[in-house]
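Please open the model in your viewer and keep the sequence panel beside it.

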Amino acid sequence: MIEYIYDVIRATAGQEILVSAKLTNDDGSIITENCNLHLFDDKGNMLYEAPGTVANGLWLFSVPAQITEGRKGRHWYCIGHNESSLCFKEPIYLK
């Protein structure tokens, strides 16, 4: 299960997490290459970098089940493009 509350994500630990996002440039055009999602633990250490794929203007990032297995509570994620962050770290809650 995955639930979006604005930029906050709630997901089930130990299951594949599929995150979708519409990513645009400053001019509103859709970003079409070189995006990834970084997942961090509650202390800010990077756990996983998920490469993204884009189709029909929507990016999809997959975090494998084994990355979150046994984890609970607040973690963090951010989405990057060409090695620059597109956002601040946002919470992802694992239940």
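The stops below go from a strand and its partners to the core, the aromatic residues, a helix residue and some charged side chains.

This is a predicted model, in which local features need pLDDT of at least 70 and side-chain atom pairs count only at pLDDT 80 or more, while totals for chains, interfaces and linings use all residues. Residues are numbered from 1 along each chain as its sequence is written, and side-chain values use heavy atoms, with hydrogens and water left out.

Begin by selecting residues 73–81, which make up strand β7; helices (H or I, at least four residues) and strands (E, at least two) are DSSP runs, numbered from the N terminus. Seven of the nine residues of β7 are buried, so this strand is largely enclosed by the rest of the structure, where buried means under 20% relative accessible area, exposed over 50% and partly exposed in between (1.4 Å probe, protein chains only).

Next select residues 90–94, strand β9, which runs antiparallel to β7 and is joined to it by five bridges, with Tyr77 opposite Glu90 of β9.

Then select residues 84–85, strand β8, which pairs with β7 in the antiparallel sense over two bridges, Gly80 standing opposite Ser85. The hairpin of β7 and β8 has two residues between the strands, and Asn82 takes a positive phi near 50° there.

**The nonpolar core**

Which residues have the most contacts inside the largest nonpolar core? They are Ile17, Leu23, Leu37, Phe61, Ile79 and Ile92, in a core of 19 residues; a nonpolar core is a set of buried Ala, Val, Leu, Ile, Met, Phe, Trp, Tyr and Cys residues joined through side-chain atoms within 4.5 Å. At least two residues of this core come from each of β2 (8–11), β3 (17–21), β4, β6 (58–63), β7 and β9.

**Aromatic residues**

A search of the whole structure finds one aromatic pair. Select Trp59 and Phe61, whose rings are stacked at 6.0 Å centre to centre with 10° between the planes; rings of Phe, Tyr and Trp (its six-membered ring) pair if their centres lie within 6.5 Å, and planes under 30 degrees apart count as stacked, over 60 as edge-to-face and the rest as tilted. Trp59 and Phe61 are both buried.

**A residue in the helix**

Is Thr68, the next selection, buried or exposed? Thr68 counts as buried because its relative accessibility is 0%, and it is found in helix α1 (residues 65–68). Beyond four places in sequence, its contacts include Thr12, Gln15, Ile17, Leu39 and Leu94.

**Charged side chains**

Finish with Asp42 and Lys43, whose side chains meet in a salt bridge (3.8 Å, N to O), defined as a side-chain nitrogen of Lys or Arg within 4 Å of a carboxyl oxygen of Asp or Glu. Asp42 is partly exposed, with a relative accessible area of 49%, whereas Lys43 counts as exposed at 68% relative accessibility.

Conventions: Two strands pair if DSSP finds at least two bridges between them. Contact means heavy atoms within 4.5 Å.
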